[in-house]
Amino acid sequence: MNSKRTVQVGDIFVTPLPMNKYGAVKVINIIDRSYLLGITSYIGEQSPTIKSKGIHQILITESIADGLKKPLFEWVDGKLPKELGFIGNIPLTTDEIGLESNIYAGKWSKECGIDVYYKWREETDPQGFKLEMQKKIEEADAYARRNTISKPKKMMDDQVFWGIISLLDSSKEDEEAIIEAAVKELSTFTAWKIKHFEETLSYKLFLLDTEEHAKEMGEYRFSQQDQHFSPDLFLYARCAVVARGQEVFEDVLSNPSKMLKDTEFEILLSLSSKAYYLKKGKEFEYESGRSYETFSNKEGWSNTL
């Protein structure tokens, strides 16, 4: 659709929106292959021209960080999407020159102007918009569950893994103190070994992710009739089982009725990231082959999903 070979500061591109609407974005800055876009306030059934009023105004939205209403500018990476149409160039205003933004929207796609549609929908049909967003969230969750990577990656030797878990000191009252020795020990391993530990932890939590175990977790147990079940609490309950060590884990895994009741240990999920930061001084980024999120084990929930 677009005929531009190169993108320049001030370029205006029309963006397709749902319900046969159109929006527009303005290029504010370019650094290598990253582009700072201003999301304009234009939305209409006709593709805008360079003279359309809305494209000369940047959309005002409420900031998630501080609740203040601000113009929406966000960074995107990659190539100009073919679905966007070039309609002209408008020089930057005084306020736009040197403008900075810490909002990163990922890859540059045809969805880059979607915020103006969301705001329009929220203003014109708030109830319908709420239902639409809820449906999108449910569809995204269902897609994630269907497409969970099914094969674990390289894991740590079981003896070494349980040796680290054994360093958790339950005699301490503070959770940070409980995991301190385990974090220090894991930080002495290579970065790859820390990833192998995370993979092993994720897999063991995955194995416990079954309906039968969820039915035995205590007050907030899973029930088809009871709405009090919390997927997050069940994850933290599974963490408590692993934290008790190999013997308890294997006993509970083979006998769901022995699932620990009303007990959780969420901080176990941060053990790898804390060890990695202690070793490398930067954030831990790793996606395990098996997800530990509740409902990821499709076989364990075959009667429900």
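These exercises work through strand pairing and salt bridges in a predicted model.

Residues are numbered from 1 along each chain as its sequence is written. Local features need pLDDT of at least 70, side-chain atom pairs count only at pLDDT 80 or more, totals for chains, interfaces and linings use all residues, and side-chain values use heavy atoms, without hydrogens and water.

**Exercise 1.** Trace the pairing of strand β2.

Solution.
- Terms: strands are DSSP runs (E, at least two residues), numbered from the N terminus. Two strands pair if DSSP finds at least two bridges between them.
- β1 (residues 11–17) pairs with β2 (residues 21–31), antiparallel, over 6 bridges. Leucine 17 faces lysine 21 across this pair.
- This hairpin has 3 residues between its strands, and methionine 19 takes a positive phi near 60°.
- β2 also pairs with β3 (residues 34–39), antiparallel, over 6 bridges. Isoleucine 30 stands opposite tyrosine 35.
- Here 2 residues lie between the strands, and aspartate 32 has a positive phi near 55°.

**Exercise 2.** Find the salt-bridge partner of lysine 26 and say what the pair ties together.

Solution.
- Rule: a side-chain nitrogen of Lys or Arg lies within 4 Å of a carboxyl oxygen of Asp or Glu. The count is 10 salt bridges.
- Lysine 26 bridges to glutamate 96, with closest N and O atoms 2.8 Å apart.
- Lysine 26 lies in β2 and glutamate 96 in the loop between β7 (85–89) and β8 (104–107), so the pair ties together parts 70 residues apart in sequence.
- Both residues are buried (under 20% relative accessible area; exposed is over 50%, partly exposed in between; 1.4 Å probe, protein chains only).

Definitions and conventions
Helix = DSSP H or I, 4+ residues; strand = E, 2+ residues; numbered from the N terminus.
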